[in-house]
Amino acid sequence: MTYIVAEPCIRCKFTDCVEVCPVDCFHEGPNFLVINPAVCIDCSLCVDECPAGAIFAAEDLPPEYEKYVALNEELSQLWPVISARVDAPADADEWMEVQEKFQYLQTG
């Protein structure tokens with residue numbers, strides 16, 4: 001099992017989760033974070049730290065977020081590791097309530 005960052009993270013990008021990760025498995029994109037499944041040790045520390053509720057155990061991933069399994073793997077190979085908390089975007093709290101945000105994902 002690994003953990004997956006899913007759609008609720010898009011445009012929120014809170015980084016509370018990266019501070020507690022003991023293996024630096026998070027990678028940062030323009031408006032989203034991903035977890036490298038090859039590095040994640042399944043400790044689950046990040047889950048409770050995410051204010052947006054965007055991190056799921058792979059086995060508990062809601063069906064509508066299934067595409068995020070491959071997306072986390074793919075983007076973790078392209079984006080740099082993030083291991084320290086940074087400020088969330090100024091409008092992050094507003095985006096927490098928005099549903100169906102995939103079209104806002106920036107990959108480059």
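This is a short tour of one predicted model, stop by stop, with something to select at each.

Before you start, note that residues are numbered from 1 along each chain as its sequence is written, and that side-chain values use heavy atoms, with hydrogens and water left out. Because the model is predicted, local features need pLDDT of at least 70 and side-chain atom pairs count only at pLDDT 80 or more, while totals for chains, interfaces and linings use all residues.

**Stop 1: Thr-15**

Select Thr-15, in the loop between strand 1 (3-5) and helix 1 (16-20). Helices (H or I, at least four residues) and strands (E, at least two) are DSSP runs, numbered from the N terminus. Is Thr-15 buried or exposed? With a relative accessible area of 1%, Thr-15 is buried. Buried means under 20% relative accessible area, exposed over 50%, and partly exposed in between (1.4 Å probe, protein chains only).

Now show Val-86: the side chain of Thr-15 reaches the backbone oxygen of Val-86 at 2.8 Å. Leaving aside neighbours within four places in sequence, Thr-15 is in contact (heavy atoms within 4.5 Å) with Leu-33, Ile-82, Arg-85 and Val-86.

**Stop 2: the aromatic rings**

Next, display Phe-32, Phe-56, Tyr-65, Tyr-68, Trp-79 and Phe-102, which ring pairs link into a cluster. Rings of Phe, Tyr and Trp (its six-membered ring) pair if their centres lie within 6.5 Å; planes under 30 degrees apart count as stacked, over 60 as edge-to-face and the rest as tilted. How many aromatic pairs does this rule give? The count comes to six.

Zoom in on Phe-32 and Trp-79: their ring centres are 6.5 Å apart and their planes stand at 80°, so this pair is edge-to-face. Phe-32 lies in the loop between strand 2 (26-28) and strand 3 (33-35), and Trp-79 in the loop between helix 3 and helix 4 (92-95), so the pair ties together parts that are 47 residues apart in sequence. Phe-32 is buried at 0% relative accessible area, and Trp-79 is buried at 8%.

Then move to Phe-56 and Tyr-65, a tilted pair with 5.8 Å centre to centre and 50° between the planes. Both of these residues are buried.

**Stop 3**

Select Cys-21, Cys-25 and Cys-40. How many disulfides are found in the whole structure? The search finds zero (a disulfide is a pair of cysteine sulfur atoms within 2.5 Å). For Cys-25, the nearest cysteine sulfur is that of Cys-21, 3.6 Å away. The sulfur of Cys-40 is 4.6 Å from the closest one, in Cys-25, which is too far for a bond. Cys-25 is buried at 3% relative accessible area, and Cys-40 is buried at 13%.

**Stop 4: two helix residues**

Select Ser-76 in helix 3 (residues 67-76). Ser-76 is buried, at 4% relative accessible area. Beyond neighbours within four places in sequence, the contacts of Ser-76 are His-27, Val-34, Ile-35, Asn-36 and Pro-37.

Finish at Leu-45, in helix 2 (residues 45-49). Leu-45 counts as partly exposed, at 45% relative accessibility. With neighbours within four places set aside, Leu-45 is in contact with Val-20 and Pro-22.

Notes: A polar contact is a pair of N or O atoms within 3.5 Å; within protein, one must be able to donate a hydrogen and the other to accept it, and residues adjacent in sequence count only if both atoms are side-chain atoms.
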